[in-house]
Amino acid sequence: MNKTIRRASVFTLLLVLALLGRATWVQFYEGQALADDKDNRRNAIETYSAPLGNIIVGGRSVTGSAATKSSDLKYKRTYKDGELYASVTGFASQAYAPTQLEGIYTDLLNGTDTRLKSVMDTVTNQRAEPGNVVTTIDPDVQKAAYEALGDKKGGAVAIDPKTGKILAVVSTPSYNPSELTDANTAGAAWKRLTTDPEKPLTNRALRQPLPPGSTFKLVVAAAALENGLYSSVDEKTDSPDPYRLPGTSKDLSNENPNAPCTNATIRTALEYSCNNVFAKLAVKLGQDKVKGMAEKFGFNDDRLDVPVRAYTSVYPSDMYPSQTALTGIGQFDVTATPLQMAMVSAAIANGGKLVSPHMVSQITNSGGDVLQDYDDKADSKEIVSSSTAEQLQSAMQTVVEQGTGTNAKVPGATVGGKTGTAQHGENNSQVPYAWFTSYGKSGSSGKEVAVAVMVEQSNAARSEVSGNGLAAPVARAMMEAALKD
């Protein structure tokens with residue numbers, strides 16, 4: 001064999017060995033990554049080769065599957081009352097990654113969760129029958145919130161304080177998940193929804209924190225009582241009106257100049273939403289104590305899963321005293337989601353104990369056997385003492401009975417609440433956010449509910465934007481639905 005042929009043979013052998021090495025690497029080291037790649041169509045073909053499991057609300061499936069005319073994607077996801085439940089279900093799409101419960105429980109709903117496999121499935125390596133997700137959502141409360149929000153842009157959450165079950169998660173404007181399920185038509189809907197300035201795909205109930213305004217005064221009041229600053233909500237405070245922000249020449253005034261806010265008690269300060277009282281309380285407590293109380297309620301928790309990951313509600317650090325004062329009225333860099341403010345009311349309503357909020361009760365196999373029960377796993381932690389909780393309940397009742405929250409009254413129920421109107425834009429140049437958080441307890445059925453509502457924008461004139469005017473009626477509708485016998 002001459003030198004040229006020998007060199008060509010060696011080079012060819014090296015190429016073959018390189019190809020074999022690369023094939024081995026792909027097969028044994030990159031195979032799973034390639035299989036899991038979102039652009040691998042085989043995954044979509046496998047997922048939609050059979051009907052998916054379902055998401056259950058109030059004993060009824062709000063999802064389904066329908067046969068398609070596609071040659072390889074045999075089924076697509078369908079939704080019943082899609083816009084009503086979009087903030088709960090999210091969407092499962094042939095073209096885009098699933099969201100919300102559809103995304104969290106993908107393996108369960110498509111049958112690849114190993115807990116679903118029978119012995120025969122394991123032997124034959126067949127995909128198991130898909131499982132189902134049973135939610136805690138109450139369809140009546142969900143519908144009441146959705147209809148009450150109407151054409152307003154906002155979010156609302158309702159929680160059972162005793163169990164932590166989330167009874168409603170609503171975000172408006174909503175969208176129809178069915179528009180995104182079919183790969184052949186989803187593109188146009190996706191472009192329209194993602195470029196819509198109203199941001200219908202944003203879950204405002206769980207994932208859009210905004211300044212909570214005066215609803216945050218409940219947290220400051222809790223901190224004042226728990227730290228012994230005042231022994232009772234009926235003890236006079238040392239609160240000049242107006243209050244000069246420390247280190248500045250700016251006076252902080254109240255919305256109602258005629259309100260009895262000078263040296264007001266915490267009860268009166270909540271009733272009239274006195275800014276001077278809570279700004280000074282925050283400064284007197286100091287940012288660390290206010291932050292500590294906020295974090296006990298759930299602020300600054302970046303791993304709040306319900307099981308959807310909620311966006312972090314924030315209480316800031318490293319502030320000047322003047323900035324700390326503004327946090328006392330839910331401004332400066334304080335932000336909260338409706339979920340977070342519902343958690344505040346839930347803990348107060350439940351004697352100071354917060355049961356972990358969750359919107360999935362159980363996951364089951366196709367036969368209804370429970371694979372995991374989340375109701376049994378819900379833990380409880382003490383946020384404030386029972387004495388502090390009772391005093392805050394009483395003060396919140398005063399707000400609804402004769403204060404700034406009268407639109408939240410529910411016949412036959414004990415209701416306590418707190419309004420909030422948060423400034424928006426530089427120098428409050430844009431329409432404020434309207435907030436209301438509350439709890440309700442039925443006098444006949446024993447049912448309880450905690451609610452938070454945020455209205456980001458509405459058709460109301462700026463002068464008519466208030467927590468009592470826009471958000472409290474939504475909360476009332478939700479509480480009526482939750483407390484009915």
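Reader: How many salt bridges does the count come to?

Author: A salt bridge is a side-chain nitrogen of Lys or Arg within 4 Å of a carboxyl oxygen of Asp or Glu. By this rule the count comes to 16. The model is predicted: local features need pLDDT of at least 70, side-chain atom pairs count only at pLDDT 80 or more, and totals for chains, interfaces and linings use all residues. Residues are numbered from 1 along each chain as its sequence is written, and side-chain values use heavy atoms, with hydrogens and water left out.

Reader: Which parts does the pair Asp234 and Arg267 tie together?

Author: Their side chains meet in a salt bridge at 2.7 Å, N to O. Asp234 lies in the loop between helix H9 (217-226) and strand S8 (243-244) and Arg267 in helix H10 (residues 266-272), so the pair ties together parts that are 33 residues apart in sequence. Helices (H or I, at least four residues) and strands (E, at least two) are DSSP runs, numbered from the N terminus.

Reader: Is Arg267 buried or exposed?

Author: Buried means under 20% relative accessible area, exposed over 50%, partly exposed in between (1.4 Å probe, protein chains only). Arg267, at 18%, counts as buried, while Asp234, at 44%, is partly exposed.

Reader: Which residues touch the most other members of the largest nonpolar core?

Author: In soluble globular proteins, nonpolar side chains tend to be buried together. A nonpolar core is a set of buried Ala, Val, Leu, Ile, Met, Phe, Trp, Tyr and Cys residues joined through side-chain atoms within 4.5 Å. Here the largest has 91 residues, and Phe278 and Leu339 touch the most other members. Helix H14 (residues 338-349) gives this core its largest share, nine residues.
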